[in-house]
Amino acid sequence: MKTNDWDSLLIDYIDQNLSAQDREKVEAALRTDATVRLQYEQLREVLQTMDHAGEQEPPARMTTSFNTLLQEEIRAARQPRTISLTPALYRVAAAVALLLVGGGVGFWISRHQQQQAELEAMQREMKATQEMLLSMLGNDLSASQRLQGATVALRMDRADNELVTVLVRTLTDDPNTNVRLAALDALGKFSDERPVRQALIKALSTQTDPLVQIELIRMLVDMKEKTILKELHRISTDEQLLNEVKDEAHAGILRLS
Amino acid sequence: MTDEMLMKAVKDGDLQQASLLFERYNKRIFNFLAYMAGDRVLAEDLTQNVFLRVIRYRNSYRDGARFEGWIFQISRNVLADHYQGQKRQRSQFIDVENMSDTLSDNTDAAEQDDKEHLLQRAMTRLTEEQRQLLVLTRFQHRKYEEVAQIMNTTVANIKVKVHRAIGQLREHYFTLEKI
């Protein structure tokens with residue numbers, strides 16, 4: 001019998017998982033075979049050491065940090081997802097106030113000029129925000145920066161081709177699951193745009209992270225994208241994939257059929 | 001309330017329920033990551049990251065799915081992401097020379113401590129999958145059935161792999177003992 005076979009038998013013997021017949025076989029070998037006896041003593045020491053190692057207590061500060069983090073998440077969940085709504089409201093309110101106070105042709109001219117200036121300021125702000133988030137998404141050294149970039153992208157009202165390209169690249173290539181999921185969320189917001197839709201369909205066949213796969217399937221099914229049915233059939237029968245992913249694909253097939 | 005009911009509540013927007021899941025699972029996840037990473041401080045960060053993902057990606061939890069399997073899958077992903085990020089900078093193998101400073105706070109020179117230290121060093125010579133299997137089955141005393149669900153495979157496959165891992169651990173342990 002090979003060393004590996006004896007390892008397995010001896011482990012079951014130590015764990016008391018052997019049939020009476022196998023137990024007798026092992027005990028006979030322990031009495032007569034010095035090599036098997038040494039192997040048994042070594043295994044027993046290793047297994048006992050593992051049994052006695054026990055669990056370590058996590059530091060108390062971990063609970064404190066988690067509670068802080070949880071409260072931040074609760075606060076963030078309560079906040080609306082748009083970033084420009086409040087300033088825009090202020091601007092509209094200011095415009096209304098001016099309309100009431102001023103009046104007359106002169107006022108109309110000035111209001112027009114002001115609106116023009118506000119529009120330009122908003123465009124500059126949007127451009128600056130987009131440049132900032134593109135730079136964040138491209139930060140190879142910091143996953144949290146990229147995550148933040150994708151989160152800001154989610155709050156954008158519109159996305160140009162450059163932003164969509166970067167988000168698709170992030171969804172496909174980023175090494176961090178959190179960042180990929182955030183990029184997927186952001187792309188989902190622009191899913192009415194044809195290039196985004198096509199990129200999401202393509203990602204379904206290339207994505208390997210189970211969490212991202214599940215989210216992607218849900219998103220495409222919500223979009224009623226029937227062209228993915230064939231891919232969903234493949235996923236639902238792929239033995240290499242997690243059951244959760246296959247279940248989601250199966251549920252998607254039922255919803256789309 | 002079961003874990004699954006709590007997670008369903010979190011998914012439905014009652015994020016405060018995540019604190020109960022944290023109470024139930026933080027020690028298990030911390031220990032899993034501490035044994036896997038061989039570094040308590042890193043395990044602390046990674047554990048926070050696991051629970052952050054539980055909250056942020058709550059919508060990816062499938063109603064009724066076993067919560068424990070789901071959170072361990074997240075833990076494995078967090079660990080894999082960590083190693084992926086580190087890959088370019090250094091080997092994913094643990095720095096054996098600094099193990100005693102990182103994994104255990106206990107510096108007693110008792111025999112059991114020596115054995116545990118030796119065991120930790122031997123563990124670093126196993127593959128990541130083998131370490132995961134031994135942490136779950138031997139340090140955390142989970143049944144093969146549970147681990148098979150977590151690892152998405154059969155009980156027979158888990159048993160074979162665990163026995164093989166123990167056999168290799170034995171060889172590393174007694175080779176290192178002679179050094």
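**Close-up views of a predicted two-chain model**

**View 1. Packing of helices α8 and α9 in chain A.** In this predicted model, helix α8 (residues 161–173) of chain A packs against helix α9 (residues 177–189) of chain A at an angle of about 140 degrees, and their axes lie 8 Å apart. Axes are lines fitted to C-alpha atoms, for helices over the stretch in contact, and angles run from 0 to 180 degrees between N-to-C directions. The crossing of α8(A) and α9(A) is left-handed, a term used if the near helix is turned anticlockwise from the far one by less than a right angle, with right-handed meaning clockwise. From α8(A), Leu167(A), Val168(A), Thr170(A) and Leu171(A) meet Val179(A), Arg180(A), Ala183(A), Leu184(A), Ala186(A) and Leu187(A) of α9(A). By class, this contact has eight nonpolar, one polar and one charged residues. Ala, Val, Leu, Ile, Met, Phe, Trp, Tyr, Cys and Pro count as nonpolar, Asp, Glu, Lys and Arg as charged, and the others, Gly among them, as polar.

Residues are numbered from 1 along each chain as its sequence is written, while chains are lettered from A and ligands numbered from 1 in the order in which they are written. Local features need pLDDT of at least 70 and side-chain atom pairs count only at pLDDT 80 or more, whereas totals for chains, interfaces and linings use all residues.

**View 2. The interface between chains A and B.** Here 41 residues of chain B are in contact with 39 residues of chain A; contact requires C-beta atoms, placed from the backbone, to lie within 7 Å. On the side of chain B that touches chain A, at least two residues each come from α2 (18–37), α3 (40–56), α4 (67–87), α6 (111–123), α7 (128–139) and α9 (155–178) of chain B. The residues of this side comprise 16 nonpolar, 15 polar and 10 charged. For the complex, the predictor gives an ipTM of 0.76 and a pTM of 0.53.

**View 3. The loop of chain A that holds Gln16(A).** Gln16(A) is located in the loop between α1 (3–14) and α2 of chain A. Its phi is near 60 degrees, a positive value in a residue other than glycine. Most residues other than glycine have a negative phi. Gln16(A) counts as exposed because it has 7 C-beta neighbours inside 10 Å. A residue is exposed if 12 or fewer other C-beta atoms, placed from the backbone, lie within 10 Å of its own, buried if 20 or more do, and partly exposed in between. Of the 257 residues of chain A, 27% are buried.

**View 4. The loop of chain B that holds His141(B).** The loop between α7 and α8 (144–151) of chain B contains His141(B). Although His141(B) is not a glycine, its phi is positive, at about 55 degrees. With 11 other C-beta atoms within 10 Å, His141(B) is exposed. In chain B, buried residues make up 37% of the 179 residues.

View 5. Chain B has nine helices and zero strands; helices (H or I, at least four residues) and strands (E, at least two) are DSSP runs, numbered from the N terminus. The chain averages a pLDDT of 84, and 84% of its residues score at least 70; pLDDT is the predictor's confidence in each residue, from 0 to 100. Confidence in chain B is lowest in helix α5 (residues 99–102), at a mean of 45, and highest in helix α1 (residues 3–11), at 94. Over residues 90–102 of chain B the pLDDT is below 50, and this stretch has 16 contacts in the model beyond near neighbours in sequence.

How values were computed
Two residues are in contact if their C-beta atoms, placed from the backbone, lie within 7 Å.
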